[in-house]
Amino acid sequence: GKTRLIESIPIEVIIAGYKNELNIDVSKYFGTHISIEIYECINTKYRFYYPFHIDGDSKFYESLQKFEWYYNPCKWEQETASSIIKNSAKILEVGSGGLGFVEKMNKLGYSITGLELNKESVSKAQKLDLHVLEQSVEEHAKHFSENYDVVCSFQVLEHISEVHSFIKASVDCLNTGGKLIISVPNNNSFIKLTRNLYLNMPPHHMGLWNKSSLQCLESLFDIKLEELKFEPLAKYHLDWYVNLNIEARIYKYRFLKVIFNQLKLKKIYFLLVKKMRKKIHGHTILAVYKKV
């Protein structure tokens, strides 16, 4: 399909950002490129980074795993998915990362298989007696076509540049009538106000999803969108949300900034957001599709 160029980012800015904020050297992932571009697909509004294949390897994810916030074991989207899945379901989770979901569903007595490319996670799973394979979904689909009632991936799709083959293989693994559950960061939520959110760039993220790009998937694959769910603003994102909104919406006008600071309105604003947070769209969006 047709695309348009949205923005170009110098590689040195990204390398410096990862170094300063996370103390990770990402220079090797960019080869000889001096900049990367964000393009938007005109039909689907899906935005992606170009060139492809500048995504992180398992070494990169091992360095991120050192931060305890990286694999949060009980995420909203996993809770939501487990309430959607019916008892008899045979489940495939693509990208089992911190193993939280596989462990939870296994304890509840489901037959669940995980796919994960991070060797550390796979060997940890084996020690816990969880069925996690070191395999891509494309590889898995060759041998397990129409084998599962539910295929889910949580915060995985945004890491992938070969989006089409990933989704096609996920759908191939499903029985007809089975459910495909995908969660990704919602790039129409407050996160879009963050300037230089390096973890939303390569080598970490390769794509920028939102409501309309998720809706468009049903026109490209044999799936029908059943529902979209939005995470309410999480407690641990309150400060981020408040500071971003003040910075982007109030501080950009000098007179408002002065009044806001003189009247010490930040505290009031924070309490207001805290009270309203269940009604505010948070970080993540979850889509549920049915294979037709």
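Helices (H or I, at least four residues) and strands (E, at least two) are DSSP runs, numbered from the N terminus. This is a predicted model, in which local features need pLDDT of at least 70 and side-chain atom pairs count only at pLDDT 80 or more, while totals for chains, interfaces and linings use all residues. Residues are numbered from 1 along each chain as its sequence is written, and side-chain values use heavy atoms, with hydrogens and water left out.

**View 1. Confidence along the protein chain.** The pLDDT, which is the predictor's confidence in each residue from 0 to 100, averages 91 over the protein chain. A score of at least 70 is reached by 99% of the residues. Among the elements, helix α6 (residues 137–143) has the highest mean pLDDT, 97, and helix α2 (residues 58–65) has the lowest, 83.

View 2. Two strands pair if DSSP finds at least two bridges between them. The open sheet has the strand order β6-β5-β4-β7-β8-β11-β10, with mixed pairing. At its edges are β6 (132–133) and β10 (223–232), each of which pairs on one side only. Strands β4 (residues 90–94) and β7 (residues 148–154) run parallel and are joined by three bridges. Within this pair, E93 has C152 of β7 as its bridge partner. Helix α4 (residues 100–107) packs on the sheet and touches β4, β5 (111–115), β6 and β7. The directions of α4 and β5 make an angle of about 165°; axes are lines fitted to C-alpha atoms, for helices over the stretch in contact, and angles run from 0 to 180 degrees between N-to-C directions.

View 3. I85 lies in the loop between α3 (76–84) and β4. Its relative accessible area is 6%, so I85 is buried; buried means under 20% relative accessible area, exposed over 50%, and partly exposed in between (1.4 Å probe, protein chains only). Contact means heavy atoms within 4.5 Å. Apart from neighbours within four places in sequence, I85 is in contact with I91, F101, M105, Y110, V150 and I181. L99, in the loop between β4 and α4, has a positive phi of about 70° although it is not a glycine. L99 is buried, with a relative accessible area of 1%.

View 4. In helix α5 (residues 119–127), the buried residues are S121, V122 and A125. They lie on the same side of α5 because they cover an arc of only 100° around the axis, the arc being that of the directions from the helix axis to the C-beta atoms. Among the elements that cover these buried residues are α2 and β6. The face turned away from the buried side carries the exposed residues K119, Q126 and K127. At the N-terminal end, N118 caps α5, with a side-chain oxygen 3.0 Å from the backbone nitrogen of E120. After α5 comes D129, whose phi is positive, near 65°.

**View 5. Helix α7 against its surroundings.** The buried residues of helix α7 (residues 163–172) are V163, F166, I167, A169, S170 and V171. They pack against β4, α6, β7, β8 (174–185), β10 and β11 (281–291).

View 6. Strands β2 (residues 35–41) and β3 (residues 47–50) pair in the antiparallel sense over four bridges. E37 stands opposite Y50 in β3. The hairpin of β2 and β3 has five residues between the strands, and K45 there takes a positive phi near 65°. On β9, β3 pairs in the antiparallel sense over two bridges, with R47 opposite L208. A cis peptide bond joins Y50 and P51, with omega about 5°. H53, in the loop between β3 and α2, is exposed, with a relative accessible area of 54%.

**View 7. N200 in the loop between β8 and β9.** N200 lies in the loop between β8 and β9 (207–208) and is buried, with a relative accessible area of 10%. The side chains of N200 and H205 are joined by a polar contact of 2.6 Å; such a contact is a pair of N or O atoms within 3.5 Å, and within protein one must be able to donate a hydrogen and the other to accept it, while residues adjacent in sequence count only if both atoms are side-chain atoms. Beyond neighbours within four places in sequence, N200 is in contact with Y49, N187, I191, H205 and L208. P203 is placed in this loop between β8 and β9, and a cis peptide bond with omega about 0° joins P202 and P203.
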